[in-house]
Amino acid sequence: MKKSSHSIHTLGRLSALSLALLPLLQVTADEFSYPTLLASQSDFGGVGLMQMPTGRMAPEGEFNFATSYNEDYQHFTASVQLFPWFETTVRYTQVQDLLYSSDPNFSGNTKYTDKGIDFKVRLLEETNWLPETSIGVRDFGGTGLFDGEFIAATKRVGPLDFTLGIGWGYIGNSGNLTSDKKDLNNNCDRDTSFGGKGGTVDYQRWFKGCAALFGGVEYQTPWEPLRLKLEYDGNDYLSDFPVVRGSERNAMPQDSKFNYGLLYRFGDWGDLHLSYERGNTWTLGFSLQTNFNTLTQIKRDPAAAKYKPLPAAPLTQVQAVNLPLGGVEPSTKPTKTTLDTKVEVAHSNLMVQPITSSAVDWNKVAEELQTIAGYNNAKIYLDSDSITVVGEQTKFRDRNEAHQRAATILANNSTRTQIKEYRLIETHYNQPITETLIDAEKFAKVASFGYLNAKVSDASQVIVPRLPQGELVTQVDDDWLNKLSFNVVPSMVQSFGGNEGFYMFNIGLTGSANYRFTDNFEFGSTIYLNLYDNYDKFVYEIPSDGTQLKRVRTLIRQYVHDNPVRINNLQLTWMDNLSDNISYQAYGGYLEMMYGGVGTEFLYRPLNSQWAFGFDINYAKQRDPDSVLGFFSDEHQYDPQTNQAYRVQTGVVTGHATAYYQPEWFPNTLLTVSAGQYLTEDKGVTVSFSKQFDSGVIVGAFATKTDLSAEEYGEGSFTKGFYISIPFDLMTIKSTHSRAMLAWSPLTRDGGQMLGRKYNLFDVTDARAPWYTKPSVEPTK
C-alpha cells in the first residue's frame, strides 16, 4: 500500500509540474527551431513510448515491421495504420528461457511463442486545447499473456509529447488506482488465467481488474535523428508468464517504475531504439517503416502515340482535294473549277469514301495497341462507322490512360471524319468483361486540347460488352503454338510461430502451361520445383495436438519436403457468361497441391456495382503424397514414426455462398463473407476485410469460425490470417496488373480450411468494378 501511494504521488507531482510548465512552454518554445516530432513504435509494436502506449496515431498508411530484444522477451511486430483513426498490430513474442513444450522430442529447442493482436481507436483528435485521445486493447484474442486495455491522452507542446493514461490488465498490473492487490486476491478480481490454446476473445476481462495510471514524455532534440523518452510504467511484472510458469530465473524484478529510452532515426525508413527498463534491464530494438499511401515508382513505359490532326486540304488544285481516302482512287473528272465547288468536292470526298482494310496495316496497329496501350493479343474489327478492339488489358491500372492511348492509335490510323466511335472490349481469360465506347468527334476535341481540362472520360462511357461488329481485319493465327502459353515464377511459402520452429518456409519455382482449345475451354497445369526449405525441422508428420479431425492441412510436410518436384495443378476449365451479369466456370482435375476433384462456380456481378454474389460447389478427394497422381483410398492411416493413427479426407462436398461488398460510404475497402462447408466437413463462416491504400497496396485480414469447439479445433481455437497484396508496378519500371501476395496465418490447423481453386470469378471480372486493378492515387506534393 505504501509503495502504491508513493507511486501515485510521484506521478501526480510529474503531472502537476507538466501542467504548470505548459503555458510557459507554449509562450517560449520556438517550434520552428525543432524538427517535426514523428510518432514512434513501442516495444510491443504500435505507436507508444516503451512498455506503455500513447494516444498518438501514425499517418494513415504507415507500416512498421519491428523487433525488440531483452533477456526476458523478444517481440516481432507488424503494425499498420489502416485508417487515420485505427491502428492494428500483429505480434509474436518468444519467451527467452521457456521451451514451446515440455517434450523436447516434439518441439526441440524452439522457444515458447505467444501470438497476439492489438488494436487502437482514436476517440479525439488533438486541438489547441484537447489532447489526442485513444482507446485500445492489447492481445485481443490471444492467450492472455499480455492482455490489457487502456485509455491514453497525448498532447504536444513544442518539441515535447506528453502522455497520461489509465491501463487495465497487463498494462495496469501495478494497481496504483485500485488499492492494495492483496485485498483483491492479488489480481483485482480479474481472471488472469492463461489461455493456453489462444484464439478466444475474452471480452469479459476487458477494462476490469487492476487499474493503474501511466504516463511519460517524448522529446525531439534539436538534432533531427535523435529523440528521448521517459516513461512511468503501469505494470509491476509480478504476473508475467516467466514468473507464473516458472523459469531458470523465476523472477522479473522491478527496481524502478521509470523507464528511459533513446531513439535514432535513419532517414524515413528505420528507427534504432535503446532503453533501460525496470531499473535493471536493457532493451534493444529496430523498426523498418514505409507508407503504403505514398509509395510510388517511376515508370519507363513506351511513350504514348501523339495525336495527329487531319491536314488542311489545299485548295489550289482540284487534284489536291481529291486525294485517295480509305483506298479510293482520286476523281479525274472535276465538274467545277470555282473555289466554292472545290471545297464542296473536297468535303464530299471526306464524308462519303468508305474505309477499307487495305489502307491501313491493322496488324501493326494491333502491335501498337499491345506495346503502347496494353491490350494484349488485340483483335480489330472494322465497321462502316466504328472500330472495335477486343483484347486483355494487362498494363495500366488507370483505364483512362489505356483508353487515351488506344483511342489515339485508332484515330491516327483511320479516316476520322467517317468513324463515329471506337469500341474497346476488355477481356480476361478471353471472357468479355467490359466495353468502353469512345465518341470519335468528342475524343478529337480532347486529344487536341480543345477546351480546358479535357480528359478522355468526357468522351467515353463503360457498358456491358456486346458482340464485335464488322470485319475482322487483324490476322488471327490458329496454329497450336499460339494457343499454348508458358510461365515460370519464383514462389515462397512461409509460416510463423509453429511448435517445431518459429519460422518455417520453402522457396521454389512454379512453372505453368496452358493450352486454350477455344475462348471458353482450357487445359492447364502447374509444376512446382522445391529449391530449399527448412521443413526438416518437422519432427512429426502428424502434429500431436490431441484433435481427432481429418488431417486436411496438417500433413503439409509430406507434400512439400518429401516431394521436391510435384504437380500442383492439372485441370480442364470451361468459362463462360450465362447473361450480361452472370458468369460461371466448371472445372475438374488435380485442383491444388493436396486435392483433386470437380466443381463449378457462379457469380452475379452487375457492371459498376458495389455488390457481387457468388457460390461454388465442389467434390474433392485428398491426394496421396506418396503417389504422383494418386488419391487416398482409405480414410484411416497410420504413422509409424509417432505410432499414431490418423484420418484423411477420401471424399467431401465442399463449397460456399459468398457476398462481396465495396461500400461507397467506406471507400477503398472490401468486405467478403462466405458461408458453407469446409474440407474437414465442419460448417461455418469466413469473413475477410481489406483496405486499399492510394498506392494500390491492399492490407487485409480474415477469420473463420465453424461449428468446431476450441478443443476440437486445437491450438488457435479458430482460423485467422493476414495478407498484403502489392502491385508489381510499385517494384518495376513497367506498368502491369500483376500482384505479389504475402499471406500468413498464426497457425495452420485442420478446421476452417477451404479448397484451393485456380480461378476465382471475382478476380476474373475485376474490371467490372475494379478492386485489384484500381488506379493508384498520386501522392500530394
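Of the 781 residues of the protein, 51% count as buried. The model is predicted. Its secondary structure amounts to 11 helices and 33 strands. The accessible surface comes to about 36300 Å², and carbon and sulfur atoms account for 59% of that area. Among contacts between residues at least 6 apart in sequence, 60% link residues at least 24 apart.

**Nonpolar surface patch**

- A nonpolar patch on the surface is formed by Val488, Met492, Ile507, Leu509, Ile527, Leu529, Leu531, Tyr532 and Val565.
- Together, these residues have about 820 Å² of accessible area.
- At least two residues of the patch come from each of strand S19 (484-496), strand S20 (503-516) and strand S21 (521-533).
- Strand S21 provides the largest share of the patch, with four residues.
- Ile507, one of the patch residues, is located in strand S20.
- Ile507 counts as partly exposed because its relative accessibility is 33%, a value between the limits of 20% for buried and 50% for exposed.

**Helix H6**

- Helix H6 spans residues 362-371, and its residues Trp362, Val365, Ala366 and Leu369 are buried.
- These four residues lie on the same side of H6, because they cover an arc of only 100 degrees around the axis.
- An α-helix has 3.6 residues a turn, so residues three or four places apart point the same way.
- The cover over the buried residues of H6 includes strand S13 (375-382), strand S14 (386-393) and helix H7 (399-412).

**Thr573 in strand S22**

- Strand S22 covers residues 565-577 and contains Thr573.
- Thr573 counts as buried because its relative accessibility is 2%, whereas the cut-off for buried is under 20%.
- A polar contact of 2.8 Å joins the side chain of Thr573 to the side chain of Gln571.
- With neighbours within four places in sequence left aside, the residues in contact with Thr573 are Asn520, Phe521, Glu522, Gln585, Ala586, Tyr587 and Tyr759.

How values were computed. Residues are numbered from 1 along each chain as its sequence is written. This is a predicted model: local features need pLDDT of at least 70, side-chain atom pairs count only at pLDDT 80 or more; totals for chains, interfaces and linings use all residues. Side-chain values use heavy atoms; hydrogens and water are left out. Patches are made of residues with over 30% relative accessible area and no salt bridge: like charges are joined within 9 Å, nonpolar side chains (Val, Leu, Ile, Met, Phe, Trp, Tyr) within 5 Å. Accessible areas come from the Shrake-Rupley method with a 1.4 Å probe; for residues, only the protein chains shown count as cover. A salt bridge is a side-chain nitrogen of Lys or Arg within 4 Å of a carboxyl oxygen of Asp or Glu. Buried means under 20% relative accessible area, exposed over 50%, partly exposed in between (1.4 Å probe, protein chains only). The arc is that of the directions from the helix axis to the C-beta atoms. Contact means heavy atoms within 4.5 Å. A polar contact is a pair of N or O atoms within 3.5 Å; within protein, one must be able to donate a hydrogen and the other to accept it, and residues adjacent in sequence count only if both atoms are side-chain atoms.
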